[in-house]
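Some of the terms used for a protein model rest on cut-offs, and the questions below ask how such terms are reached.

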Amino acid sequence: MIKALLYLACFLAAQVTSAFIVQVIVRIFFPHLTSDNTTILLASTALGAVILIALFLAMRWCTVSRNYIRTRPWGFLSWCVLLALGMVIPLTWVEEHLPDFMQVNIITKEMAGMLRSSEGYFIICMLAPLMEEILFRGAMIPALMKWREKKDSPAKARWMAIGISTVFFALAHANPAQIPHALIAGTLLGWLYTKTHSVVPGLIIHWINNSAAYAIANMFPTLPIDAKLADYFNGNQWGVLQAVIASLLIAAPSLYQLIIRHNSPEYNLNKR
C-alpha cells in the first residue's frame, strides 16, 4: 500500500509541478496567453504526463516488456476495440440517470476547450491515457497485489488491487461528473490488466473512449460537452433507447469473449 500511495503522491506532485512551470513560462514569455485557460491546461497536462511517464519508466515502477505482444493477441485486442465502442453510449446513459450531485461538471468550459482544440487529441486521447495506464494499472496494481497477498488469497488480492487502484483512478480526475465513468472503466481496465499482464488492452480501450468524446465534441460543436443523449437525437427518446440496445449488442458479446479467452504471457504478475 505504501508503494501505491507513493505512486499517487508522484502523480499529484507532477500535476502541481507542471502547472507551476507552465504558469511561470506563460507569464514570462507569453503574457498574452495568461487568460487562455485551455492552452495553459493542455500544456500543464502534457508536461505532467511526460514527467510522470519518464519517472515511472526510469525508476522501473512499471515494467516495459514485449511478452504480451509476442503472443500475437490480435483476436483479444479486436474484442477490446468492439467493447470500447459498445460501451460509449450505455455508460453515458447510465451516468445521465445517476443523482444530480454525481453529474456536476466543475470544468465544463475548460474541458470543451481542450476537446475542441487541435492539440487536444494528442494530449487527451493519447498522452494522458498512456500516463494513466502506466500509473494506475502498470505500476499500482502489481504493488497492491503484492501487498494484499500477504493477507488474502490470490483471487481476493487481485480484486482488492483492482478496487483500490480504481478508486484512486476515479479520485485523480477530481471532477464529480467524471468519477462514475472512471469507476466503471477503471474496474474493467484493471481486470484486463490482471488478465493479460499488459497495459496494451487497457490503453486501446482508454484511447477509444477518449477519442469518442473528442469526436463527439467536434461533430456537434453547437452542443455543450455535457449535453444529454437525447440532444444528439433531436429529443427522440426512442432513438436513444435504440442506440443503447444496439451498443449493448456489441458490448455484451465482446465482454463475454474477453472473459472466456485466456491470452496472457507466461510470467508471474506478482513478482514483477
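**From value to term**

His197 is found in the loop between α8 and α9 (200–219), in a model that is predicted.

Q: Why is His197 called buried?
A: The relative accessibility of His197 is 14%, and buried means under 20%, so His197 counts as buried.

Q: What is the phi of His197, which is not a glycine?
A: Phi of His197 is positive, at about 60 degrees.

Q: What makes Arg60 exposed?
A: Arg60, found in the loop between α2 (37–58) and α3 (67–70), has a relative accessible area of 72%; exposed means over 50%, and Arg60 is therefore exposed. Arg60 also has a positive phi, near 55 degrees, in a residue other than glycine.

Q: Why are α4 and α8 called roughly antiparallel to each other?
A: Helix α4 (residues 74–96) and helix α8 (residues 179–196) pack at an angle of about 160 degrees, their axes being 10 Å apart; angles over 145 degrees count as roughly antiparallel, and α4 and α8 are therefore described in that way. The contact involves, among others, Phe76, Leu83 and Glu95 of α4 together with Ile184, Leu188 and Thr196 of α8, and by class it has 9 nonpolar, 2 polar and 2 charged residues.

Q: How do you know that Thr196 counts as buried?
A: Thr196 of helix α8 has a relative accessibility of 0%, and buried means under 20%, so Thr196 counts as buried. A polar atom of the Thr196 side chain lies 2.8 Å from the backbone oxygen of Leu192.

Methods
Residues numbered from 1 in each chain as written. Predicted model: local features only at pLDDT ≥ 70, side-chain atom pairs only at ≥ 80, totals over all residues. Heavy atoms only, no water. Axes fitted to C-alpha atoms, helices over the stretch in contact; angles between N-to-C directions. Helix = DSSP H or I, 4+ residues; strand = E, 2+ residues; numbered from the N terminus. Parallel < 35°, antiparallel > 145°, perpendicular 65-115°, else oblique. Contact = heavy atoms within 4.5 Å. Nonpolar A, V, L, I, M, F, W, Y, C, P; charged D, E, K, R; others polar. Buried < 20%, exposed > 50% of the residue type's maximum accessible area, 1.4 Å probe, protein only. Polar contact = N/O pair within 3.5 Å; in protein donor to acceptor, adjacent residues only side chain to side chain.
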